[in-house]
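The points follow in numbered order.

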Amino acid sequence: MTIFDFFRPTRSAPVARDRLQILLQHERVSAGASDLVAILREEILAVISRHVDIPSDKVQVKMQRDEAVSTLEVEIELPNPIRRRAA
Amino acid sequence: MSQVLVVTSGKGGVGKTTSTAALGAALALGGNRVAVVDFDVGLRNLDLVMGAERRVVYDLINVVQGEAKLQQALIRDKRLETLYLLPASQTRDKDALTSEGVARVMEELRDSFDWIVCDSPAGIERGALLAMRHADVAVVVTNPEVSSVRDSDRIIGMLDAKTEKAERGDYMEKHLLLTRYDAARAERGQMLKVDDVLEILSIPLLGIIPESDAVLNASNVGSPVTLAAAESAPARAYLDAARRLEGDVVPMIIPADKRVGLMGKLFGRRAA
């Protein structure tokens with residue numbers, strides 16, 4: 001550190017701006033994704049419920065984000081005996 | 001036609017209550033009938049900032065629960081006869097605020113006031129959601145600081161998803177109020193600039209409130225800064241912001257207090 005550094009304060013604001021831009025880009029996508037997962041779960045549940053009696057907590061939807069692709073994992077548990085709804 | 005305005009931020013301590021009081025008083029000075037409503041149940045402070053803490057008899061929860069009439073709970077400001085305060089409860093559980101009850105009170109307030117300014121609690125929980133629920137327009141209070149900007153971004157997302165207006169498919173009007181802004185520090189690259197925050201949050205700018213002693217002085221004496229020190233830089237910025245809310249086109253300047261200290265002179269701080 002030299003005496004001149006005293007007169008030249010650190011410019012930290014550009015770092016703040018860049019960090020925020022990267023972070024918020026990510027957070028906005030994941031907020032949108034969790035909505036997507038909730039919508040998919042509701043609709044999958046609705047389709048299955050049309051044909052089979054199923055408690056609503058037995059449909060689990062998870063989204064895994066990776067660099068190249070994202071995977072959607074859907075786990076549906078049908079309690080035995082399977083009770084079909086009348087058509 | 002009455003307008004319900006929510007003052008919100010996500011993060012605490014950025015100036016929601018100060019801004020609610022200052023904007024409410026500024027709108028009342030403009031000849032409007034104004035009610036400022038404290039939604040921060042359990043941690044009410046709008047009464048204190050408005051200087052009405054010893055006049056609270058009934059509160060928002062009493063009205064929501066039907067234990068008091070709206071007229072009994074509203075406190076008329078001693079300085080401005082068109083400015084009223086509806087305080088929050090300090091003792092009751094925040095779950096006592098029901099969604100239907102709040103909707104009913106807001107409808108009743110719309111009948112008697114031009115502007116209803118709702119002071120949201122911090123956070124993204126029930127209280128904050130109830131405060132924004134019935135709003136026609138939102139003021140997002142943000143400090144030029146990373147955590148405040150991030151939380152504001154989150155709140156903007158909720159305004160676009162969880163308000164009645166958004167659920168109807170209407171556009172939720174949102175404005176940015178940048179508080180505690182220090183133009184000199186921003187110029188030196190030590191604080192996010194107005195344009196940085198605007199670019200990140202992408203909502204229109206309502207006003208820039210400069211960091212100033214006048215704000216703390218006003219809350220010390222229990223008066224909105226727009227009444228306590230109307231000539232101060234933050235008060236002028238709030239008065240301009242209130243005019244913009246009413247649809248006036250007011251040039252955006254960053255007001256500065258006239259007194260410029262030695263350091264300010266040394267570093268060429270300009271009074272914009």
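1. Buried area is the accessible area, found with a 1.4 Å probe, that two parts lose on being put together, summed over both. In this predicted model, chain A and chain B bury about 1,300 Å² between them. Carbon and sulfur atoms account for 57% of that area.

2. The contact draws 14 residues from chain A and 14 residues from chain B. Between chain A and chain B there are three salt bridges. One of the salt bridges joins the side chains of B:Asp196 and A:Arg17, at 3.3 Å from N to O.

3. B:Asp196 belongs to helix α10 of chain B, residues 194–201, where B:Val194, B:Asp196, B:Val197, B:Ile200 and B:Leu201 are buried. Seen down the axis of α10(B), these buried residues fall within an arc of 165 degrees, so they line one face of the helix. B:Asp195 and B:Glu199, on the other side of α10(B), are exposed. After α10(B) comes B:Ser202, with a positive phi near 40 degrees.

4. How many aromatic pairs are counted over all chains? The count comes to one. The ring centres of B:Tyr84 and B:Phe113 are 5.5 Å apart and the ring planes are at 70 degrees; the pair is therefore edge-to-face, as planes over 60 degrees apart count as such.

5. This pair links distant parts of the chain, 29 residues apart. B:Tyr84 is in strand β4 of chain B, whereas B:Phe113 is in the loop between α5 and β5 of chain B. Both B:Tyr84 and B:Phe113 are buried. B:Arg33 lies over the face of B:Phe113, at 5.2 Å from the ring centre.

Key:
Residues are numbered from 1 along each chain as its sequence is written. Chains are lettered from A and ligands numbered from 1 in the order in which they are written. This is a predicted model: local features need pLDDT of at least 70, side-chain atom pairs count only at pLDDT 80 or more; totals for chains, interfaces and linings use all residues. Side-chain values use heavy atoms; hydrogens and water are left out. Buried means under 20% relative accessible area, exposed over 50%, partly exposed in between (1.4 Å probe, protein chains only). Helices (H or I, at least four residues) and strands (E, at least two) are DSSP runs, numbered from the N terminus. The arc is that of the directions from the helix axis to the C-beta atoms. Rings of Phe, Tyr and Trp (its six-membered ring) pair if their centres lie within 6.5 Å; planes under 30 degrees apart count as stacked, over 60 as edge-to-face and the rest as tilted. A charge sits over a ring if NZ of Lys or CZ of Arg is within 6 Å of the ring centre and within 35 degrees of the ring normal. Contact means heavy atoms within 4.5 Å. A salt bridge is a side-chain nitrogen of Lys or Arg within 4 Å of a carboxyl oxygen of Asp or Glu.
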